[in-house]
Structures are given as structure tokens and as C-alpha cells.
Amino acid sequence: MPAIELSNLTKRYAELTAVDGVSLEIGEGEFVGVLGPNGAGKTTLLEMIEGLRRPDGGEVRVFGESVWPRNSGLQSRIGVQLQASSFFERLTAREQIRTFASLYSVGTGPADEWLERVGLSDKADTRVEDLSGGQAQRLSIACALVHDPELVFLDEPTAALDPQARRNLWDLLSSINDSGRTVVLTTHYMDEAEILCDRVAVMDRGRILQYDTPAALVRGLDAPARITVAPGVITVEQAAAVPGVIETEERVEGVVLVTRDPGGVITALAAGEQLDGVSVKTGTLEDVFLALTGREYRA
Amino acid sequence: MTRPVSSSPFRALSVAILRGFLRDKASVFFAVIFPLMFLVLFGGLFADQDQSKVDLVQVGSVPFVQDLPDAQRSAFEDTFEVTTTDDLATALEDVRKGDADVALEQRGDTLVAHYTQTEQVKAAITQGTLRAFVDGSNVALSGEPPKFALETERVEDDSLTTIQFVTPGLLGWAVAMSAAFGAAATIQGWRQSKLLRRLQLAPVGTPTVVGARIAVTLAISLVQFTIFVGLAAVAFDLQLTGSWWMALPLVVMGTLSFMAMGLLAGAVTKTVEGAVNLANFLVLPMAFLSGSFFPLDGSPAWLQRVSDLLPLKHLNEGMLDVMVRGQGPGSAVVPLLILGGFAVVVTLLAARLFRWETT
């Protein structure tokens with residue numbers, strides 16, 4: 001039985017169709033990313049799955065059960081982390097997570113364990129207002145997991161974090177489905193979805209454009225690879241003469257060889273001992289998005 | 001299957017909300033300290049005003065005063081604080097400058113009182129009192145027993161002083177402030193931070209969440225009541241009348257209606273600051289128009305009609321009735337009904353106007 005089944009889910013506001021006929025299946029234990037720019041309908045989609053919003057059409061089933069009207073039996077099996085840091089004002093980190101634990105009839109033991117697990121034990125007595133952005137996100141993730149839910153929704157958990165804090169959070173995020181937990185993550189960061197998710201649903205203007213593993217999405221894109229060689233190792237003319245190269249560019253970081261046969265080109269470069277400072281960049285989800293929507297990704 | 005309202009989430013929520021309140025110094029200040037400052041001001045500094053004696057400067061010898069019988073003489077001294085001087089010009093100057101209220105001299109059988117028009121109340125007291133003494137002496141000298149007698153009795157208890165009036169009014173204002181601000185800031189703050197959404201996703205019912213918020217606000221109101229009445233009784237000799245305990249249900253019902261105002265302020269605004277400012281904008285004029293700071297008896301009729309629409313007016317009147325005017329418990333019933341009705345209507349209005357989205 002899939003953890004989540006959506007069939008033809010639709011939500012309309014006055015002029016806007018926020019979610020437009022979405023059908024999706026998420027298996028138990030999967031880590032699924034919903035990827036899309038702001039206003040793509042990700043949050044509305046999640047709110048309907050969580051049972052916060054009533055769909056105008058279609059159906060949501062979570063663990064085979066209906067989520068609307070309010071299904072409190074399901075609610076204790078689901079953990080939710082919302083976009084903003086949704087905390088009680090002026091409580092310390094420990095008081096915060098213990099309060100959330102009580103809402104799910106969980107004792108202080110698991111609450112303190114989760115604080116430890118997200119690395120906030122030394123901040124236990126710090127008020128939430130005094131936590132850094134990364135620490136606050138860790139706390140809100142711990143608060144979502146304190147009752148050990150089978151399914152977790154994380155709504156843009158790394159939004160507004162600096163790159164270093166984002167990377168630190170990835171370790172934590174990738175560990176939370178270790179125990180077979182199903183995770184649904186929304187993000188507008190391509191790299192994040194690529195690294196964390198088993199499958200990615202690319203969403204834009206209320207529709208799911210593609211739903212597959214990140215690797216399959218990039219493969220399906222059939223985008224050429226870009227091989228960069230350090231400056232001075234090879235001239236543009238030499239590069240253009242390498243078999244399989246369809247385009248060359250001269251840039252500050254070196255000469256770029258665009259090819260659909262990166263293996264063959266690398267072999268040729270190796271034969272000429274021209275591999276100094278080489279880097280290979282294949283297609284990314286960013287390219288997938290561009291190809292699917294026909295426009296630049298706007299985060 | 002619906003879960004029963006478990007005491008544990010209710011407790012956890014109440015404790016979390018209470019901690020949030022106690023750690024917010026501004027909230028505590030405006031709920032307790034600020035109104036108490038007014039209590040001390042009104043109760044302590046202005047309390048003497050209505051009993052203060054008239055400063056009388058006696059110029060030269062005034063045999064009339066010296067010859068008063070003992071009983072009347074002590075009554076005279078209750079009313080006037082007497083100093084003596086021989087120089088009329090100095091005495092008149094004192095009156096003109098406000099250092100004394102009246103200068104009294106005797107020319108033959110005529111008493112002459114010099115007063116200033118700027119102190120009209122004391123001028124009236126002086127004229128009335130001196131005339132009464134003169135008339136009394138004239139009657140006594142005629143040898144006839146007086147035909148008519150006048151007795152005056154105050155309607156209120158003898159102990160009715162300033163503190164009796166200001167304590168209920170200022171308490172009502174304090175309760176209105178903290179209940180309205182608390183509700184406005186909570187609903188707006190929790191909506192902004194999405195905590196409201198987050199709580200919806202937890203297996204606790206709306207009654208548990210709302211109940212915890214109400215319980216904390218009611219507890220704060222009752223603590224305010226205790227502090228106000230306690231301080232007024234200990235420091236300023238507040239005397240409570242028989243059915244003062246009926247003020248407790250009044251405070252509870254008043255708190256609910258002010259929370260409803262706060263909810264309304266939170267529902268129609270888009271930021272926490274906006275919500276608190278709107279609550280302030282509603283509460284402060286309401287406090288003035290409800291007689292929290294001064295009695296409305298002398299105000300125009302239309303203003304009193306307007307004040308009838310305000311819940312604080314009914315809370316104040318209800319509390320005055322049972323706490324200091326000595327009325328029975330039944331006198332609180334109508335204010336209680338009005339406050340309850342206000343709370344229901346305004347809460348329904350707030351619920352209709354509330355929007356989850358903040359944009």
C-alpha cells in the first residue's frame with residue numbers, strides 16, 4: 001500500500017488554479033521531493049495532503065485513509081514542519097520540543113533525545129528567538145519528528161539558510177528516513193532535491209510536469225556534458241578537432257568542450273595528456289526544469 | 001474515533017502560553033505595573049483632595065470665632081485650617097496667590113471674608129459655612145429655639161473615598177488591556193508564525209487550544225484583581241461591601257468580552273504590531289468613556305448613550321455596585337448578561353472576518 005495516493009487533485013482560488021489535476025503515488029519509505037518555484041502550488045498541494053485544506057476536486061489517501069475531514073487518527077502518524085519557524089514565543093528549545101511532545105502525548109524522554117539528535121543539546125536553555133536560522137530549522141524538524149511519525153512533511157526546510165547551514169542540514173535530513181520513514185520535502189533548490197530525494201516531482205503552475213528519480217530525469221533530458229580543461233592545456237582549435245565535440249567555448253576557467261559523448265572525449269584528452277584541471281558537468285535538475293517549462297528557473 | 005480532551009496537552013499549552021506572557025516584560029508591565037501606577041496616583045495623591053481643609057487666615061482679632069460654643073468651635077476647626085496674622089494686606093496677598101483660601105476679619109459685628117474667584121469650590125464652602133455659623137449664632141442670641149432643623153445623610157457608606165471609586169475602574173481598564181492585547185497578539189502572532197496551522201496538525205482539538213488561551217488570560221485577570229484589591233485595601237484603606245465576590249464573575253465575563261475585542265483586532269489586521277495598535281486604539285478611548293479614570297456623571301447625555309455600547313462601562317458599573325455601593329449580588333446579573341452577549345457577538349464577528357492567509 002502506498003503511503004500517499006493522489007488522484008486528480010485540484011484546488012482553485014478566485015482566478016488561480018493553484019493545484020491542477022495532480023495524480024501522484026508515494027511509496028512507504030520513499031524520500032520524495034516536490035520541486036518548483038514559488039507560487040508553483042507546492043504548499044497548497046501539501047496542505048491538501050495534510051488535511052488542512054479541502055480539495056475542490058480529486059482525492060487524497062494517506063495510508064489508505066481519507067484526510068478530510070480532520071482525521072486525528074492519522075494526525076499522530078504524520079509529522080509536519082512548516083515553512084516558517086512555528087514556535088511558541090519566548091520558550092527555550094527544550095520547553096518548545098517538550099510542549100510539542102505533550103501535544104502528541106509523548107514524554108520528555110523522546111523530546112530530549114531528539115534535541116540531542118539534531119545537535120541542540122547545548123542550546124536546550126536558549127530561547128527560540130536567540131537561535132540561529134539553522135538551529136531554529138533543526139529544532140522545528142525535531143519538533144516534527146518528536147512523536148516518531150511514519151510520514152513527515154518538510155516544507156522548504158533549508159529556505160533562508162546560508163549555503164554552509166544548508167549543507168549541514170542535509171546530513172540530518174538524509175538520515176530521517178533511515179528507519180523506513182516516508183519523507184515528503186518541498187524545495188526550490190535543485191541541488192538539494194538531487195542529493196536527498198529518491199524521486200522528484202517537478203511542479204509548475206499547479207501541475208506535476210515530471211515524476212521520476214533525479215538521475216532518470218537528467219538522463220531523459222539528454223543534455224550534452226560540458227568538459228572544462230584548465231587554461232593553456234589545449235587551444236580552442238585543438239579542442240574543436242577532438243572527435244565527438246559539438247561546440248567549444250573559451251572561458252576564464254579554461255576551454256569548455258560540449259559533447260554528447262563525454263567518455264570518448266575524456267579518452268581522447270587522456271591520450272593527448274591534456275587532462276590537467278579537467279572537470280565534467282553533466283545535466284542537472286536545473287536543466288531539466290528549463291527543458292520542461294521552457295524558462296529559466298526562478299527560485 | 002475522537003480523542004477525549006486530554007488534560008496533558010491542555011496543561012502543556014497553558015504552561016507554554018503563561019511562560020510566554022511572564023517572559024514578555026512589556027506585557028507584564030502593561031497588565032499590572034502600569035495600571036497600578038495610576039492606582040497609586042489616584043488613590044494616594046488625589047485622595048486627600050476632597051477632605052482637605054480650607055486654609056483660613058484670621059486677620060487681627062475675630063471675637064466671633066473665639067466666642068463660638070465648644071461644639072461649634074470644633075466643627076469650625078474641622079472645616080478650616082486657621083493661621084493668624086495682623087496684616088490685612090499680607091493676608092489678601094496670600095489669598096490672591098492661592099497660598100490661603102480665605103482671609104477673615106471682623107469689623108464690629110460684621111464678619112468680612114475675602115476669597116478668590118479662582119478657587120470656586122472652596123469659596124463656596126467658605127461662604128456657606130461662615131454664613132451657617134453666623135446664622136446659628138444669631139438664632140442662639142435671639143433666645144428662640146430654632147423652628148426648622150436640617151439633617152444631611154450621604155447615600156453611600158461613610159467610608160466612600162476616592163479609592164473606592166478608582167479601584168474598580170482602574171481594575172477594569174487593566175483587565176481590558178491585558179485581555180485584549182493578549183488575544184490580539186496571540187491570534188496574529190500565531191497566524192504569522194504558522195503556529196496556528198501547526199497546532200491544527202497536531203491531534204489536539206480546537207477547544208483545547210482555545211481553552212488553554214482563555215484559561216491563561218482568566219488567570220491573569222484574577223491575579224490582577226487580587227493585586228489591585230489587595231493593594232488598595234492594604235495601602236489605601238479600600239472598604240469592600242457585602243457582595244464584592246460577585247465582582248469575580250464580572251471580571252471573568254469582562255475578560256471574555258475584551259478577548260473577543262482582541263480577536264476582532266487580530267482578525268482584521270495583518271501584522272502583530274497592527275493588531276496590538278488597533279487593540280490599544282479600541283481600549284484606551286473605551287477606558288475614558290467607561291468612567292475608568294473619572295466618573296461620567298457630569299458628561300452629556302449622548303456621551304453616556306455611547307458609553308452604554310462599551311463592555312468596560314458595564315463591567316465598571318457592575319463592579320462599583322457590588323464592591324463599593326453595597327448592592328446585592330443580583331445587581332451584577334444585567335452587566336453579566338450584557339458582557340456575555342457582547343463576547344458572543346464580537347467573537348462570531350471575528351471568526352467571520354478571520355483569514356488564514358496573511359497576504
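Predicted model: local features only at pLDDT ≥ 70, side-chain atom pairs only at ≥ 80, totals over all residues.

Visitor: How many helices and strands does chain B have?
Guide: Residues are numbered from 1 along each chain as its sequence is written, chains are lettered from A and ligands numbered from 1 in the order in which they are written, and side-chain values use heavy atoms, leaving out hydrogens and water. Elements are DSSP runs numbered from the N terminus, helices being H or I of at least four residues and strands E of at least two. On that basis, chain B has 14 helices and 4 strands.

Visitor: What distance separates the centres of the two domains of chain B, domain 1 and domain 2?
Guide: The bounds come from an automatic or database domain assignment. In chain B this gives domain 1 (9-47 + 157-353) and domain 2 (52-142). Taken over C-alpha atoms, their centres are separated by 48 Å.

Visitor: And in chain A, how far apart are the centres of domain 1 and domain 2?
Guide: Chain A is divided into domain 1 (4-214) and domain 2 (224-282). Over C-alpha atoms, the separation of their centres is 42 Å.

Visitor: How much area is buried between chain B and chain A?
Guide: Contact, meaning heavy atoms within 4.5 Å, takes 26 residues from chain B and 30 residues from chain A. Buried area is the accessible area (1.4 Å probe) that two parts lose on being put together, summed over both. Carbon and sulfur atoms give 54% of the total, which is about 2,700 Å².

Visitor: Which residues of chain B lose the most area to chain A?
Guide: Three residues together account for 28% of what the chain B side buries. They are B:Arg23, B:Arg198 and B:Leu201.

Visitor: Which residue of chain A forms a salt bridge with B:Arg23?
Guide: A salt bridge here is a side-chain nitrogen of Lys or Arg within 4 Å of a carboxyl oxygen of Asp or Glu. The count between chain B and chain A is 4. One of them joins A:Glu47 and B:Arg197 (3.9 Å, N to O), running from helix α1 (residues 42-50) of chain A to helix α8 of chain B. For B:Arg23 the closest N and O atoms are 2.7 Å apart, and the partner is A:Glu95.

Visitor: Where in chain A does A:Pro69, joined to A:Trp68 by a cis peptide bond, lie?
Guide: Most peptide bonds are trans. The bond between A:Trp68 and A:Pro69 is cis, with omega about -5°. A:Pro69 lies in the loop between β5 (65-66) and α2 (72-75) of chain A.
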